[in-house]
Amino acid sequence: MITRRDFMKFIGGSFTSFAALGSYAFAFEPLARLNVTRYALTPTGWTPGLKLRIVALADIHACEPWMSASRIASICRQANDLGGDITVLLGDYAAGMNFVTRYVHSSEWSKALATLSAPLGVHAIMGNHDWWEDKTAQRNGSGPTFGHRALQDVGIKVYSNQAVRLEKDGQGFWLAGLEDQRALIAGKKWKRKHMQGLDDLDGTLAQVSDTAPAILLAHEPDIFPRVPSRVALTLSGHTHGGQVRFLGHAPMVPSSYGDRYAYGHVIEDDRHLIVSGGLGCSLAPIRFGVPPEIVVVDIG
């Protein structure tokens, strides 16, 4: 039989546990943790003998106190120490929530990202929040956004439905980057009935002019069912791994496919997708079970 005292102990213990979990999800995991998540794969059709290490950063969402310019610079220093041949940025540099003490200007976060370095360069795409936060781009229905300009001003190449051929040790591969799939917001203010993407998968891959393997950068992973087997690997962010994950599953994922493309290495029909859990937070400054991460992919 449970006494009143036992019941009050249970309530008190439960409250303490919930408070501790809340503090962890609100303060510790978003602010204090940083994982390096590693993947190794050899996709079908990959050039024999071509070894490539990719370091990927996604969903920075620059704002204080969660992702200050100094914290971004610290993350970049750690990324530089991982020995990548190429570094890629997968979009969403702008803040994605209102729970901030200060918004970090694009001139600040881009300066921090300019400290990234890799033998084959640093390459970037835009995310939906980079478009959504730019009212001029929304009104015009086109870019460049302030994010495009900020990265280009510090010497980082930004891909907007473009493909470029690169080489390592005399062996070529293609890097292709899509413009965002959810770039333009719907609403009377913008004179749009539906959200519109500015991505052009077919036009981007049409630029791949030889048989060298291709790597695709796409902020949202929802494009993956349309990606042909010609692409060796698709790299995405956007989902934050659901931002809250229990036992490998997230209750809410910003994807039309639910948990299918929420996080990690997905293989479908011998095609490879890696979705980063990202670094910052969107909507609310909470992470649980999916700490901020730098992704390292070894191919070959």
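Contact here means heavy atoms within 4.5 Å. With that in hand, let's look at this predicted model, starting with helix H3 (106-113). The buried residues of H3 pack against H2, strand E4 (86-89) and H6.

Which residues of H3 are buried? They are Ser106, Trp109, Ser110, Ala112 and Leu113. These residues span an arc of only 155° around the axis, so they sit on the same side of H3.

In soluble globular proteins, nonpolar side chains tend to be buried together. Here the largest nonpolar core has 33 residues, and the members that touch the most others are Ile72, Leu89, Tyr93, Trp109, Leu113 and Leu151. Several elements each supply at least two residues of this core, including strand E2 (52-57), helix H2 (69-80), helix H6 (146-153) and strand E14 (293-299). The largest share, 5 residues, comes from H2.

Leaving aside neighbours within four places in sequence, Ile72 is in contact with Ile60, Ala62, Met67, Trp109, Ala112 and Leu113. Apart from this core lies another, of 25 residues, with Trp46, Leu90, Ala232 and Ile299 among them.

E10 runs parallel to strand E9 (residues 171-177), and 4 bridges join the two; Ala214 is the bridge partner of Trp174. Another 4 bridges join E10 to strand E11 (residues 231-236), again running parallel. In that pairing, Leu216 has Thr234 as its bridge partner.

## Backbone features to look for

Most residues other than glycine have a negative phi, and most peptide bonds are trans. A few places in this model depart from that pattern. Where are the cis peptide bonds? One joins Glu64 and Pro65, with omega about 5°, and Pro65 lies in the loop between strand E3 (63-64) and H2. Another runs from Gly143 to Pro144, with omega near 5°; Pro144 lies in the loop between helix H5 (135-140) and H6.

Two residues other than glycine have a positive phi. Asn161 has a phi of about 60° and is found in the loop between strand E7 (157-158) and strand E8 (162-168). Asn161 counts as buried because its relative accessibility is 16%, under the 20% cut-off. His238 has a phi near 75° and belongs to the loop between E11 and strand E12 (264-268). His238 is also buried, with a relative accessible area of 8%.

Note on methods:
Residues numbered from 1 in each chain as written. Predicted model: local features only at pLDDT ≥ 70, side-chain atom pairs only at ≥ 80, totals over all residues. Heavy atoms only, no water. Pairing = 2+ DSSP bridges. Core = buried A, V, L, I, M, F, W, Y, C linked by side-chain atoms within 4.5 Å. Buried < 20%, exposed > 50% of the residue type's maximum accessible area, 1.4 Å probe, protein only. Arc of directions from axis to C-beta.
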